[in-house]
Amino acid sequence: MTPLTCPLGLECENWYLSFLQDKEKKLIEELGFKRIKTQKKIFYCEQGKIVYSFVFVKPESFPAFSPLRRFLGIEKYQNMSEDFKNKLIMKATRTTYQKAIEDIHESFSFWISKKTLNRYVIESTERVNVIQEAEEDQNILLADSTKARNGKKGHHEIMAVMSLNYQTNSSSLTAFGVNIKPKELAQKIDLSKYKAFVGDGDLGLRNFFNETTPFQLCHHHAISDVSFFLWRDGMSKKERDPLMNRLKATLYTLQNSTKKYWNDRDNERLTKRIIQTKEDLRSLAVDFSIKEKHQAARYIMDHIEHIVTASKLALLGIKVPWTTNHAERLMQEIGIRTKKKGMNWTEKGIKAILQPILKRYFLPKERRNYKEVFTQSIKKVVET
């Protein structure tokens, strides 16, 4: 129902009550059923907390009902419509529960408790279908994970896999889980339709995708991981910098050569660059070993083939991103709501709050509204 605006010069609550009375009278006249009683009820809407005496009618062979409550979308035992409740839930997805209830009070002039708002969010889980069917041209998988506090000096592990069309940047959420094993998450995905998987070196999903889907190691993670291993083995920044500059130069040269390939389609040149890149990486790993930085050396050797996957697939006409930036932006969106200071989550609570957040994130910007988030069918939204 379209929100109503109070006419100028009228007290809003009185105006709205007058509107309800007129609407109720028309509904009852149109139905032609016999009035049997009135019941005073409290309900909540955009106009605030409303006390109203609803008229109930009794059709033959059917239970009594209130035509006005049906018009407002307020079911039996409810004090607000699902549509309005969804608006309140969306406020909770953008900020803390405390600030959300303050926002609700400022917007609608009534208070609800944080516990009540949290209950609304949890109840909404079944109404939000967050996993999407990937479009045919979304042939790349990306994955990332993040952590959120669980209140017991531990963390919840949040993991998401998205499908991507690298040329158009269109994406869909393919799999999502909290405290779920990578193997279980991988089993939810039909890998036959994907050309490559992009992730970091530690992501457990790689072990399950790699046998059937070529794996591209995120170059940003490769650089940060190698630098971390060198630091952990006691190498100073002054010693690290020349080695890290060699690694960066090798990776960026490969990226530039692959980018150039999409213009000149010179297979021989790109093939030579791939071979040279692997030789440079082996040489770097040897230097690491000589300096007794064995973790960094092992990391490079384990991932030589994974570092050049995007270039090899370019020779087959498949564009693959070098990094997990798209997935990391998704993790940032999750972190905005779940990783503020002092926040602690139950598993049920964090799953519930993430459902509408993820649904909204993957909608086009012009369609990011509460109706789209809580509608299972796109067609239904268009018809509303």
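**Figure 1. The loop that holds R265.** R265 is found in the loop that links α9 (237-264) and α10 (267-290). The model shown here and in the other views is predicted. Although R265 is not a glycine, its phi is positive, at about 55°. With a relative accessible area of 46%, R265 is partly exposed, since the class lies between the limits of 20% and 50%.

**Figure 2. The loop that holds N179.** Between β5 and α6 (182-186) runs a loop that contains N179. N179 is not a glycine, yet its phi is positive, at about 55°. The relative accessibility of N179 is 35%, so the residue counts as partly exposed.

**Figure 3. The open sheet of five strands.** The strands of this open sheet follow the order β5-β4-β3-β6-β7, and their pairing is mixed. At the edges stand β5 (170-178) and β7 (215-217). Each of these two has a single partner strand, so one side of each has no neighbour in the sheet. On average, neighbouring strands of the sheet are turned by 25° against each other, with direction ignored. Helix α14 (residues 347-361) packs on the sheet and touches β3, β4 and β5. The direction of α14 makes about 175° with that of β5, an angle over 145° and therefore roughly antiparallel.

**Figure 4. Pairing of β3 with β4.** Strand β3 (residues 140-149) and strand β4 (residues 155-165) run antiparallel and are joined by ten bridges. Within this pair, A148 stands opposite H156 in β4. In general, the strands of a sheet pair through backbone hydrogen bonds, in either a parallel or an antiparallel manner.

**Figure 5. The crossing of α3 and α5.** Helix α3 (residues 82-94) and helix α5 (residues 114-123) have axes that come within 9 Å and cross at roughly 105°. The two helices are therefore roughly perpendicular to each other, the range for that class being 65 to 115 degrees. On the α3 side, the contact is made by K85, L88, I89 and A92. On the α5 side, L117, Y120, V121 and E123 take part. Of the residues in this contact, six are nonpolar, two are charged and none is polar.

Key:
Residues numbered from 1 in each chain as written. Predicted model: local features only at pLDDT ≥ 70, side-chain atom pairs only at ≥ 80, totals over all residues. Heavy atoms only, no water. Axes fitted to C-alpha atoms, helices over the stretch in contact; angles between N-to-C directions. Helix = DSSP H or I, 4+ residues; strand = E, 2+ residues; numbered from the N terminus. Parallel < 35°, antiparallel > 145°, perpendicular 65-115°, else oblique. Contact = heavy atoms within 4.5 Å. Nonpolar A, V, L, I, M, F, W, Y, C, P; charged D, E, K, R; others polar. Pairing = 2+ DSSP bridges. Buried < 20%, exposed > 50% of the residue type's maximum accessible area, 1.4 Å probe, protein only.
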